[in-house]
Amino acid sequence: MFIALAVLPLLLGLGYAMAYSLGLVGLLSEGFTLAHWEEVLGSAFFWRTMAFSAWVSVVTTVLAVGVALGFVAAWPRVFLRGSLSLFIYFPLAIPAIVMAFIVFQMLSAGGLVSRLAYQLGLISGLEQFPGLVNDYWGIGIIAAHFLMAAPFFIIFFANLYENEQVEEFVQLARTLGAGARQAALRVAAPLLLRRAFPTIVLYGLFVMGAYEAPLLLGRQSNQMVSVLAIQKLQRFNLGDIPQAYVACIAYSAIVLSLAVWLLGRNGEERLKYQGSGGRGKKV
Amino acid sequence: MAKRLLKYAFIALLLVPFGFLLMLSLGRGWAYPEVFPRQWTLENWHFVWGAQAGLGRSTLLSLAISLGIAAPVTLAGFWVSKHIAYSRRRRFWLVLAYLPYVLAPAVLAACLQAFFFRAELSGKVWGVVLAQLFITFPYGVIFFSGFWNEQMRAMEQLAATLGGRPRQAYARVLIPVGRGALMTCFFQIFLISWFEYGLTMLIGVGKVQTLTLKVFQYVGEANIFFAALTGCLLVLPPLVLLWLNKRYVFARAGAR
Amino acid sequence: MIREQKRRSALWFFLSSILLWSCGGQQERRPEEAADVLSMPWEAIEQQARGSTVNLMMWQGDPLINAYMEQYVKPAVKERFGINLRIAGGQGSIIVQALLAELQAGRPNSELDLMWINGETFYQLRQIGALFGPWTDKLPNARYIDFENPFIGQDFQQPADGFECPWGNVQMAIIYDSLKAPAPPQDRAELLAFVRRHPGCFTFDNHFTGLTFLKILLMDIAGGPQVLAGPFDEEKYRRYAPLLWDYIRELKPYLWKQGNAFPEAVAPMHQMFANGELWFTMSNNDSEVDNKVLQGLFPESARAYVWEVGTIQNSHYMGIARNAANKAAAMVVANFLISPEAQHRKQDPAVWGDGTVLSMEKLPPEWQEKFRKLPGRRHAPPREQMQARALPELAPEYMIRLAADFRKEILGQ
């Protein structure tokens, strides 16, 4: 019941968006219509936007989780004690819009990296610098979100490593003859991944709905879904507002079912794992 | 030795963005292909401080709102997530908690705005706090959902068997064990609230002037020196808080 | 089980009733109680304004502008009229969204009193009936404003009609680096030839400024501003817009990123101009180039210029919300903003450099003298010279259509 307090307003918000998209509310609405839904769902660009958002989200999350797992499996203790345990938190304090700004000033053709390359004699002018921002594949967007996500996952995994006594399992595997690498790959990583799964999914969703970084670092032909929605919501034509809501509801529905499916699968695996592990389960 | 060096290199890497921001905030004229600005000056800082009156008060307001949200939400998230984790409909509740994150924040704000206006909560600090609760509370719940496992349950049961009351189980067992997670969650929620722009803007109608609201427009504007300076202004208080927090926790951890 | 079901249906009932409650607001329109402010003499308005608070929402992205408001306007209205001016950051769409939500919720008192608006924001606010008015003829200082001047009295071809008060006047300028492009292109054909020789150094943004640039091209293609003057003309749009897209498609491969990406706003474009990636940028404010050089962002070699076919000149305004709680005080603040003193200060390039909306002929001689003595700009042509190449704004539908069709025709959305 407690959670209903948190969820209620959001259901209300969605209800409002739904009503707006069907022309039931809104100062300029002209009564019930499905036209906005047809317009959005029928456009190839909307689906491309969805695909591009998914691409950025998956690449960012996989990269960040992979790198973080690697670091934590290699040096589990370093991030919990000593100076790194403080500094690793620092990047979390950078908001998306500032991170987007930093990445833009670093990776654009006239940015810091290009200047360094010039000073080192690697390039002889900024036009030779490869296009890393506003590019086709969303490298700039992925870079910005990776820089925010990787430290977060390092902290998260390091805490899990300790809480879940992963160390014990690793030691056990080692005594049973596994190499350090094997123990990290076959024991530590799956254990951490399984426990962290809901958070990873959450982070993926968070990246998928990102707005600031894609706005500055993206391009119009490959847009992310928030950028598209805000463009419809705020850019010039009040008649486009219902379409913005359609885009959001459709996006929410798709992503939410995806999350249910992912979490559900993970839940089953956990049961299996717990069953075979002989650790009593009453979940 | 090599490991030590590697560690320092890693720390240096983590500090690069901050050094870069600081450099630009103190600069004027940054023409290609110069690596450093042509001129170093405090003028940018003087200028923004003069142009945006009341930055100090906004900082205090921001701190009050963010701390006021982060502390109860972390504890509530901790408590509620436990009940959800052990409940039969675990998945159902968890999926509901994901809801705020599948909607783009700006759209969520636009949807909620109508309700806040109707409830006469717009333009008020309480309205903004309530709005931020809507997005931070589910975060807290999801954050801790991975924390609860059989082991924690066993520990709690052990505490109960040994005659501890539920409150004691929290105070003596669960909270100390989850200290690291609690701190991370607290900091994350503090940050979400600290950097919140869209909701604060729309629900507060620009009247609840948090620090983020006050200087945010500089970040997106043309002048990179002011944008970098704004970045410094926004990032500095969380870093100080982090340092204090870490130090305090370390002191406690060391004493144990 | 049954209890669970009951609980659930109660929840749904609760949900839907709140939803209805939130949407139902539109019906209760309040009668215009504003009439009494408009029938009061100015002294009484000033009297009523004393001691109240005015909430002003404006764009706050430029420290020069913020300093003018915070350090000059705010203390002045406090001292002279006893008004507390509270400034909140926010522009165009945020203002529209806030007032739209208020109207939909049926709020009797708006959170905003005064807003800095123009063009499509004015159009949208009129569209949803969110503006109070007509009120500008009540302002004593309005007698100095030249409402007959189409660049001031008309906002995107719509008469201001007293629903917004002119505040400043600017003209679009193209900015270039005089070291890299000593002889910048002066028209469409020259631009095409120029970018063919120097690919990648020119672009325009996917927001206001870029759309203004597209409007200028459209006017040029149509054969002059008079062709598209007046209300939106579908037939003319259909005749000339395809020619515009043909031209842009010709230009596209030689634009920045081969025209596959456009900066989302003018800010990143300025940044890329500052670091040398672009040779050109553009601004809707002719004096921005001086400000940005002064701030150390643009190189000393940056210059603003206007094509021979001209660029669009327009004004920006102050509007009052229909449900503003402090209309009298908002009017007093607006009156101060258009006083010769405040306008004179604002036009100083070291302060802001925003063009005045006051008519020199109407001003008392001592003020005419003061305006004449204002220091000139170093990086942009003098105002009189630009005035000769000023084009009027087009009806707002042109911009809305161009924005949508630009996405469809050029961006492939």
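## Chain C: contacts and dimensions

In chain C, 82% of the contacts between residues at least 6 apart in sequence join residues at least 24 apart; two residues are in contact if their C-beta atoms, placed from the backbone, lie within 7 Å. The model is predicted: local features need pLDDT of at least 70 and side-chain atom pairs count only at pLDDT 80 or more, while totals for chains, interfaces and linings use all residues. Residues are numbered from 1 along each chain as its sequence is written, and chains are lettered from A and ligands numbered from 1 in the order in which they are written.

Chain C contains 18 helices and eleven strands, which are DSSP runs numbered from the N terminus (helices: H or I, at least four residues; strands: E, at least two). The C-alpha trace of chain C spans about 75 × 70 × 40 Å along its principal axes.

## The nonpolar core

Of the 413 residues in chain C, 52% are buried, that is, each has 20 or more other C-beta atoms within 10 Å of its own. The largest nonpolar core has 300 residues; such a core is a set of buried Ala, Val, Leu, Ile, Met, Phe, Trp, Tyr and Cys residues joined through C-beta atoms within 7 Å. The largest share of this core, 16 residues, comes from α7(A).

C:Val333 is among the residues with the most contacts inside the core. Leaving aside neighbours within four places in sequence, C:Val333 is in contact with C:Val54, C:Val77, C:Ile83, C:Leu85 and C:Leu114.

## Chains A and B

In chain A, 66 residues are in contact with 63 residues of chain B. The largest share of the side of chain A that touches chain B, eleven residues, comes from α1(A).

Technical notes:
A residue is buried if 20 or more other C-beta atoms lie within 10 Å of its own, exposed if 12 or fewer, and partly exposed in between; C-beta atoms are placed from the backbone.
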